[in-house]
Amino acid sequence: MAELEQHEGEQDIEKKIEETRQRFKNEFLQDTTDTYDSKDVERLQTEDALVESYLQWRMYVVDDALKMIDESFQWRKEYGVNDLTESSIPRWMFETGALYLHGYDKEGNKLFWFKVKLHVKDAKTIVDKKKYVAFWLERYAKKEPGMPLTVVFDMAESGLGNIDMEFVKYIINCFKIYYPKFLSKMILVDMPWIMNAAWKIVKSWLGPEAISKLKFASRSEIQGFIGLEYLPPHMGGTDPFKYSYPPLPDDDFQTPICENGPIVSEDEMESKDGEMEGKDALESSFSSEIAVKPKKVNFLEDSMRSEDSDKGDTSARNKGARKPLTTFKGPLLDVSPAEELSFGCAETEKKSLIILSNVTNNQVAFKVRTTAPEKYRVKPSNSCCEPGASVDIVVSLHGGSQASPQDRFLVMAAEMDNAGSQELAQFWKEVPKPKVMEHRLRCHVLESVKASVNPLRDGPAETGTSRQQEFNTTLMRVMTCNARMEQKLNTCLWVQKVLIGLVLVLVVLNLLCLHLLSASQQPS
């Protein structure tokens with residue numbers, strides 16, 4: 001029964017998506033095509049997730065979603081959002097550090113910091129500042145599609161001179177209209193009491209769908225939303241991060257731990273080759289079992305030499321790893337899973353599998369990086385994939401480490417033209433950045449479910465998931481009906497006011513007629 005209702009709910013959403021596309025085409029694209037960027041129109045016609053995000057933010061009311069899409073697309077065209085690059089923003093804006101992406105909250109959402117004290121109201125630079133905000137949001141939307149942000153307004157040492165209501169309203173609209181479902185929370189930290197009146201106005205701009213996301217917190221209360229490791233010292237945290245530019249401070253990925261220990265980075269590899277060889281010779285005198293250290297190798301020779309041994313190792317290495325169910329279709333590699341690696345507390349939940357499939361006619365080099373290199377072992381983390389072949393990468397938790405929603409993985413890939421004559425370290429040094437494919441994976445922490453003693457109650461996790469999905473579907477329907485009833489109620493109230501106005505006019509006319517009639521009947 002629950003599966004049937006869930007299926008019906010999915011069909012209803014698909015119908016809403018198709019209706020939204022068709023009506024947008026008929027009602028908004030008939031007169032002119034210059035109003036919107038063609039890239040946005042194409043995305044609307046091809047990406048179901050984009051249409052659904054507008055629908056869900058507007059309670060699946062198609063009329064409201066269409067208005068939101070129209071306003072959002074016009075804004076994107078006006079500010080040239082699709083064409084914004086680092087070079088199109090004035091350099092001094094990056095250097096101030098007034099806003100940037102860094103760290104995660106306790107729910108695993110990326111933090112978008114606004115240093116209010118560094119903002120000064122200036123009408124001459126307001127357009128550039130708006131483009132600057134759009135640049136960061138668009139950059140994150142492309143890197144982490146579908147993942148919400150937690151906005152933190154750091155109001156320490158700020159005053160009325162730092163409050164620009166037009167700019168604040170623009171930021172509100174970015175999350176309210178232009179980037180639907182993008183806002184997880186908006187936290188105002190250490191707000192001076194003198195700004196209370198200004199933020200009451202801001203609260204009225206948020207609207208009912210976002211008002212619950214606004215949080216006011218003191219230095220001690222902020223620790224309930226963000227862990228100490230991502231809080232600056234003036235908020236009681238231990239994060240040593242200090243903003244500097246260049247580069248842009250939103251890449252937290254580092255080299256992970258491989259099966260035999262930390263991997264030497266490409267930049268350090270050449271300088272450490274001699275040292276590692278000496279260390280190998282020393283260790284061999286104390287042990288009959290020599291551990292072979294990673295060295296620079298020729299791709300073609302190495303793959304031929306280890307092909308037979310890899311086949312045997314793969315099955316043992318993959319044993320117990322959680323297999324992916326979804327796939328991201330990339331220009332160089334298909335990556336499975338598409339969005340997230342799942343880990344749990346049980347021994348059988350501490351391994352996940354990444355499958356890379358080469359869809360090109362050339363050899364493709366790849367490497368995997370992570371935001372938590374001390375937690376994970378990755379095997380292999382740096383290798384290549386033959387044309388039409390697949391590579392299984394096992395990601396496992398190291399020791400007693402626990403996975404966190406804040407952890408991220410980055411798969412990097414680049415096509416190799418002359419695979420037989422190139423070395424891996426040298427290749428990654430020389431490959432141009434535009435030719436590197438990047439795909440990000442987030443970490444999903446599985447809830448530990450105790451095994452039931454009742455044999456009739458199989459699959460408690462699946463049952464809980466289906467009930468949750470059923471509840472979400474029912475809740476969405478109730479919210480949709482509620483929105484429609486609210487619209488009808490507002491219409492009825494408006495009609496009622498009009499009728500009352502007409503009745504008052506009629507009463508006044510009647511009184512006027514009676515007055516004129518009585519005046520005419522009086523003897524002159």
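Which residues touch the most other members of the largest nonpolar core? They are Trp-75, Phe-112, Trp-136, Leu-137, Phe-153, Phe-175 and Met-186, out of 79 residues in that core. A nonpolar core here is a set of buried Ala, Val, Leu, Ile, Met, Phe, Trp, Tyr and Cys residues joined through side-chain atoms within 4.5 Å. Buried means under 20% relative accessible area, exposed means over 50%, and partly exposed lies in between (1.4 Å probe, protein chains only).

Before we go on, a word about the model. It is predicted, so local features need pLDDT of at least 70 and side-chain atom pairs count only at pLDDT 80 or more, while totals for chains, interfaces and linings use all residues. Residues are numbered from 1 along each chain as its sequence is written, and side-chain values use heavy atoms, with hydrogens and water left out.

Let us look around Phe-112. Leaving aside neighbours within four places in sequence, Phe-112 is in contact (heavy atoms within 4.5 Å) with Leu-99, Tyr-100, Leu-101, Trp-136, Leu-137, Leu-149, Thr-150, Val-151, Val-152 and Phe-175. There is also a second, separate core of 25 residues, and Val-335, Leu-341, Leu-356 and Val-368 are among them.

Now turn to helix H4 (62-79). Helices (H or I, at least four residues) and strands (E, at least two) are DSSP runs, numbered from the N terminus. H4 has 18 residues and reaches 26 Å from its first C-alpha to its last, close to the 26 Å expected; the expected span is 1.5 Å times one less than the number of residues. Its buried residues are Val-62, Ala-65, Leu-66, Met-68, Ile-69, Asp-70, Ser-72, Phe-73, Trp-75, Arg-76 and Tyr-79. Just after H4, Gly-80 takes a positive phi of about 55°.

Most residues other than glycine have a negative phi, and most peptide bonds are trans. Met-59 is partly exposed at 23% relative accessibility, whereas Tyr-60 is buried at 7%.

Finally, look for two cis peptide bonds. One joins Ser-336 and Pro-337, with omega about 5°; Pro-337 lies in the loop between strand E9 (333-336) and strand E10 (340-343). Another joins Lys-379 and Pro-380, with omega about -10°, and Pro-380 sits in the loop between strand E13 (376-379) and strand E14 (382-385).
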